[in-house]
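Subject: Handing over a structure, with notes

Dear colleague,

I am passing on a structure that I have been going through, and I would be glad if you could read the notes below alongside it.

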Amino acid sequence: MKNLLLIFLLCATVFTAYEAKAEPVTMIILAPLALEAAKQASPYVITAMQNGGRQMLEIGKDMGNLLMLPLGIVQATLGIPLGLLGNGLENIVIGLCAPFQLVGDVLILPLSFFGVGGG
C-alpha cells in the first residue's frame, strides 16, 4: 500500500500542470514576434496537416478493406450459384492483406506529417 501511495504522489508531482505566468508588458512586447512566427510557420503547418489527412484517408480505406474478408467468404460460399466465386476469392485476398496494410499505414502516419511517405 505504501508503494502505491508513493507512486501516486510521484506521478502527481511529475505530471502536475504548471501555469505560465508573464507580466502584461512582456506579453505586449512578445505578441508581434509570436504573430510573425505564426505567419512564417503557417504554410508548413497547412502542408503537414494536408499530408496527415491524406494518410488518415488511407487508414480509413484500409479499415474498410478489413470488411472485404467476411464479404468475400459470403460471396465464395453462398454466391456460387450466382457466379460470385471469382469476386469472393478476390475480396478474400483483399481482406487478408488489409491488416498488414493498415499496420503499415498507421506506422507511417507520424512521418507523413513531415512529408515522408504515405498517401
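Predicted model: local features only at pLDDT ≥ 70, side-chain atom pairs only at ≥ 80, totals over all residues.

Overall make-up

The secondary structure of the chain consists of four helices and zero strands, and read from the N terminus the order of elements is α-α-α-α. Of the 119 residues in the chain, 17% are buried, and the accessible surface amounts to about 9400 Å², with 76% of that area belonging to carbon and sulfur atoms. Among the contacts in the chain with a separation of 6 or more, 66% are between residues 24 or more positions apart.

Helix α2 covers residues 24-65, and it bends by about 45 degrees at alanine 41, with a proline, proline 43, following within four residues. The buried residues of this helix are Ala48, Asn51, Gly52, Gln55, Ile59, Asp62 and Asn65, and what covers them includes α3 and α4.

Helix α4, which spans residues 85-112, has a kink of about 35 degrees at alanine 98, shortly before proline 99. With 28 residues at 1.5 Å a residue, α4 should span 40 Å, and because its end C-alpha atoms are 38 Å apart, the two values agree. Buried in α4 are Gly88, Asn91, Ile92, Gly95, Ala98, Leu102, Asp105, Leu109 and Ser112, and the cover over the buried residues of this helix includes α2 and α3, the latter being residues 68-77.

Which residues does serine 112 contact, once its neighbours within four places in sequence are left aside? They are Asn51, Gly52, Gln55 and Gly117. Serine 112 lies in helix α4, and its relative accessible area of 1% is under the 20% cut-off, so it counts as buried. Asparagine 51, which has its place in helix α2, is also buried, with a relative accessible area of 17%. Not counting residues up to four places away in sequence, asparagine 51 touches Ser112 and Gly115. The C-alpha atoms of asparagine 51 and leucine 111 are separated by 9.4 Å, although these two residues are 60 residues apart along the chain.

The salt bridge

How many salt bridges does a search of the whole structure find? The search finds one, in which the side chains of lysine 61 and glutamate 58 meet at 3.8 Å, N to O. Side chains of opposite charge can pair when their charged atoms come close. Both residues of the pair, lysine 61 and glutamate 58, lie in helix α2, three residues apart, which is about one turn of the helix. Lysine 61 has a relative accessible area of 47% and is therefore partly exposed, since that value falls between the 20% and 50% cut-offs. Glutamate 58 is partly exposed as well, with a relative accessible area of 28%.

A residue in α3

Valine 74 is found in helix α3, and with a relative accessible area of 44% this residue is partly exposed. Between the C-alpha atoms of valine 74 and leucine 85, which are 11 residues apart along the chain, the separation is 9.5 Å.

Definitions and conventions: Residues numbered from 1 in each chain as written. Heavy atoms only, no water. Helix = DSSP H or I, 4+ residues; strand = E, 2+ residues; numbered from the N terminus. Buried < 20%, exposed > 50% of the residue type's maximum accessible area, 1.4 Å probe, protein only. Contact = heavy atoms within 4.5 Å. Salt bridge = Lys/Arg side-chain N within 4 Å of Asp/Glu carboxyl O. Areas by Shrake-Rupley, 256 points an atom, 1.4 Å probe, with all protein chains shown as cover. Expected span 1.5 Å × (residues − 1). Bend = angle between axes of the 7 residues up to and from the residue.
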